[in-house]
Amino acid sequence: MGLFNFKMPEHFIIMNNPLIIGAWISIILVSVGIVFFVTKYKKWGYLWREWFTTVDHKKIGVMYILAALLMLFRGGFDAILMRTQLALPDLKVLDAQHYNEIFTTHGTVMILFMAMPFIIGLMNVAVPLQIGARDVAFPVLNAASFWLFFVGAMIFNISFVVGGSPDAGWTNYVPLAGSDLTPGVGINYYLWGLQIAGIGTLATGVNFFVTILKMRAPGMTLLRMPMFTWSTLITSIIIIFAFPVLTVTLAMLTFDRLFGAHFFTIDAGGMPMMWANLFWIWGHPEVYIVILPAFGIFSDVISTFARKRLFGYNAMVISMVAISGLSFIVWVHHFFTMGNGPWINSVFSITTMAIAIPTGVKVFNWLFTMYKGRIETPAPMLWSLAFIPNFLIGGVTGVMLASAPADYQYHNSYFLVSHFHYVLIGGTVFGCLAGMYYWWPKIFDFKINERISKWAFWLFVVGFNLCFVPMYLVGLQGMPRRVYTYGEHMGWTTWNFVETIGAYLMGVGFMLIVWAIIYSILHEKRDRSGDPWNGRTLEWAISSPPPHYNFSRMPSRVTSADPFWDAKKRGETMFDENEPLKPIHMPNNDGMPIVLSGFMFIAGFGFVFEWLLIGFIGLLGVIGSMIWRSFKDYDADHYVQVDEIERDQAELKAALEGRS
Amino acid sequence: MASSSVPKGTPNFPEYQTEEGRLKIFGFWVFLAAEVVLFSTLFATYLVLADRTAGGPTGKELFEVKDFMIETMLLLTSSFTCGLAVLEMRKGNKKGVFIWMIATLAMGLGFLGMEISEFVAYVHEGATLQTSAFLSGFFVLVGTHGAHVTLGVVWISLVLTQVAKRGLTPMTCRKLFIGGLYWHFLDVVWIFIFTAVYLTGLI
């Protein structure tokens with residue numbers, strides 16, 4: 001292992017499988033197509049100015065959500081492949097190695113590169129608008145967070161075609177993931193993809209924590225914040241305390257694999273169990289990082305479409321705080337069967353079951369919010385209504401799994417697989433979709449088509465239950481997770497076939513959602529007035545899409561947790577129209593984040609292949625980008641002048657009048 | 001918070017004068033909370049692995065009391081001079097800032113020099129990252145701290161060149177102050193390394 005080692009791995013370009021050759025062809029075609037059309041229509045300058053260098057939280061949010069949808073497609077395609085292989089006994093669609101790679105990338109992509117960016121994208125879109133801020137606290141850092149996530153996701157995804165995918169499961173347990181048992185670049189891709197994206201996530205946590213605590217509009221006290229903002233605040237705290245653990249854990253395994261250290265090895269005193277502990281000390285809070293914001297979205301959506309104030313606001317906040325605290329003291333329940341002893345297992349059983357209490361409080365609060373409400377059911381509300389029973393099934397089976405002695409039966413069976421898909425799809429994915437449908441007509445000036453969306457909803461939800469209810473059953477019949485095939489004599493065939501039908505229905509549902517978006521971009525009615533749902537919170541008090549500075553005047557009448565609703569009841573707006581307009585201080589666009597992330601890509605790629613020189617050159621570039629930024633940040637902002645604000649207002653007025 | 005109307009020469013808080021300065025200082029405190037978690041994880045790992053020497057050298061055989069005491073004194077003193085530099089900054093005394101910050105950086109470099117020679121000596125005695133779990137934990141924990149100190153030296157030096165060019169403005173003062181927070185934090189981490197690694201290792 002020298003600085004100038006440039007040894008090529010045995011298989012650098014992967015071409016040994018028709019699926020991968022297909023992937024190569026599509027990657028090349030899509031890339032050439034994008035470059036061709038962007039060049040042909042001379043859009044490079046537009047992309048660079050408006051997107052690649054943007055520090056506008058709304059645009060960054062859109063990029064996050066777009067990337068998340070792409071990753072949902074990739075992770076979903078993995079799922080379809082797995083379900084195809086398992087549809088019938090002894091199929092040969094995938095071999096064992098390929099199956100291992102696909103369940104690894106499916107899990108990692110869905111958690112880290114789909115759920116996380118989807119959630120963070122919605123935070124970016126909604127939180128500053130909900131609290132009456134003109135941007136996040138650190139806009140350039142926010143852009144860096146996005147580009148670091150993007151680079152991490154790209155590094156992880158190219159493993160498929162260059163060098164080989166990771167194949168040790170998304171939990172990447174050692175010793176299997178150590179260099180003795182899994183040499184090659186796959187696990188390195190996992191380590192560097194997650195490391196780079198994780199740094200971006202940590203920065204997001206710091207950013208939103210400061211934004212929410214320090215940048216609220218006048219009158220917006222902590223207990224008047226919309227529930228999604230509350231959930232973002234608590235999630236940020238979890239990120240700040242959980243992600244550094246991931247950083248260190250990944251770094252230690254990197255030292256083991258690249259430099260021969262002995263943190264997790266079997267020999268020389270290393271402790272493989274320490275990986276399981278450290279991974280889940282991050283990993284369990286991580287699942288709350290993706291579920292709490294979904295809870296926040298459901299609270300806002302349900303309150304909006306029941307036309308009622310959220311029931312039990314304070315109880316909702318206290319429950320979230322309780323869940324965030326408990327999330328750090330339950331990690332051992334992921335490995336009850338790994339010899340912790342009855343005393344430790346008992347403690348972690350009880351803490352795990354305790355999480356059901358605050359979660360149950362929240363479920364009752366959602367139900368009571370709807371009680372005697374005038375309920376409407378557009379797409380965001382449909383996903384929220386579907387969430388409650390589906391998440392409940394996931395939660396109840398979670399309490400079953402929390403019982404350590406019983407877990408010896410469920411552990412690593414399809415019962416567990418079904419449990420976490422019920423909470424992650426029924427909770428997080430439904431939440432992300434509800435949030436996307438809900439805020440879409442805030443980011444843009446149109447809704448997503450209702451008719452197509454309802455078809456998509458029913459196909460997806462029915463398919464979801466067809467896919468995962470049988471998994472509970474085959475799990476109880478003993479089918480273990482992560483097997484690439486099974487024999488006819490096991491008696492699992494019927495349910496597996498049903499599961500595959502369900503998975504395909506979910507796939508069709510997803511494609512319909514994409515079609516609904518495309519259709520709506522082309523045909524849906526435009527409305528810039530900004531309050532399509534008859535909303536309750538601040539973000540609906542401004543036009544859709546909002547101007548880049550969000551608020552031309554600061555909202556001045558925040559007197560409750562539903563300030564816009566109450567103002568509408570009083571026949572007022574949120575703004576004092578007599579207040580003279582003032583120039584608005586805004587950050588300049590900045591090329592540093594994307595340049596820094598480009599160097600991070602070089603560093604990550606170099607270290608994945610253990611080409612240390614390239615890795616270190618990349619890291620030097622990263623540091624150089626930060627220094628460059630430090631010297632030029634004396635000229636990093638500008639004022640939006642009053643005449644520009646007046647021009648925007650006149651244009652909006654004309655658009656609104658033209659409509660009526 | 002002090003306002004900009006405070007007469008020059010009296011103690012005030014230029015780093016807090018702008019909204020941006022206040023946000024960034026608060027944000028940096030939050031970042032330091034994440035750093036605490038990062039080092040806590042490294043400490044936990046080290047303490048778990050400390051006895052797992054796999055037949056290789058132990059801490060007791062490796063650690064030299066004189067060396068790590070000098071390292072400790074250098075870093076503690078540098079934290080003191082760093083505090084003096086921030087006081088001079090609030091007095092608006094650019095020269096004082098330079099004197100005390102350069103003293104701080106010099107002691108930081110001295111600390112780094114000693115740490116590097118310590119590591120080199122260990123490697124020559126056959127105690128490397130690859131020798132045992134104990135040494136993996138040691139090198140990565142102490143090395144991460146050392147890497148932070150290196151970054152701190154580079155960072156504060158660059159901020160000083162900005163101060164030289166632009167003087168003590170609210171913006172350069174904010175950068176100096178945050179550099180100072182970082183430096184004190186590394187000092188605190190070192191106190192834990194001194195206790196949990198070196199003193200405990202001698203027992």
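**Before you start.** This is a predicted model, in which local features need pLDDT of at least 70 and side-chain atom pairs count only at pLDDT 80 or more, while totals for chains, interfaces and linings use all residues. Residues are numbered from 1 along each chain as its sequence is written, chains are lettered from A and ligands numbered from 1 in the order in which they are written, and side-chain values use heavy atoms, with hydrogens and water left out.

**Stop 1: helix 18 of chain A.** Select residues 592-608 of chain A, a helix of 17 residues. Helices here are DSSP runs of H or I with at least four residues, numbered from the N terminus. From first C-alpha to last, helix 18 of chain A reaches 24 Å, close to the 24 Å expected at 1.5 Å a residue; the expected span is 1.5 Å times one less than the number of residues. Of its 17 residues, 12 are buried, including M592(A), M600(A) and F607(A). Buried means under 20% relative accessible area, exposed over 50%, and partly exposed in between (1.4 Å probe, protein chains only).

What do the buried residues of helix 18 of chain A pack against? Show helix 2 (44-52), helix 5 (139-158), helix 6 (186-214), helix 7 (227-259) and helix 19 (612-632) of chain A to see their partners. Contact means heavy atoms within 4.5 Å. Following helix 18 of chain A is E610(A), with a positive phi near 60°.

**Stop 2: aromatic rings.** Over all chains, the structure holds 85 aromatic pairs. Rings of Phe, Tyr and Trp (its six-membered ring) pair if their centres lie within 6.5 Å; planes under 30 degrees apart count as stacked, over 60 as edge-to-face and the rest as tilted. Select F295(A) and F387(A): their ring centres are 6.1 Å apart and their planes stand at 55°, so this pair is tilted. F295(A) belongs to helix 8 (residues 272-305) of chain A and F387(A) to helix 12 (residues 379-402) of chain A, 92 residues apart. Both F295(A) and F387(A) are buried.

Now go to W190(B) and Y198(B), a tilted pair with centres 5.8 Å apart and planes at 40°. W190(B) has 0% relative accessibility, and Y198(B) has a relative accessible area of 1%. W190(B) and Y198(B) are part of one aromatic cluster that also includes Y46(B), F111(B) and F194(B).

**Stop 3: the nonpolar core.** A nonpolar core is a set of buried Ala, Val, Leu, Ile, Met, Phe, Trp, Tyr and Cys residues joined through side-chain atoms within 4.5 Å. The largest one has 276 residues, and W383(A) and Y198(B) are among those touching the most other members. Helix 4 (residues 96-131) of chain A gives the most to this core, with 21 residues. Centre on W383(A): leaving out residues up to four places away in sequence, its contacts include F298(A), F430(A) and I513(A).

Stop 4: Find S79(B) in helix 3 (residues 65-90) of chain B. Is S79(B) buried or exposed? S79(B) is buried, at 8% relative accessible area. Beyond its neighbours within four places in sequence, S79(B) is in contact with W183(B), H184(B) and D187(B).

Finish at T161(B), in helix 5 (residues 133-166) of chain B. T161(B) is partly exposed, at 40%, and its side chain reaches the backbone oxygen of L158(B) at 2.6 Å.

Notes:
Helix = DSSP H or I, 4+ residues; strand = E, 2+ residues; numbered from the N terminus. Polar contact = N/O pair within 3.5 Å; in protein donor to acceptor, adjacent residues only side chain to side chain.
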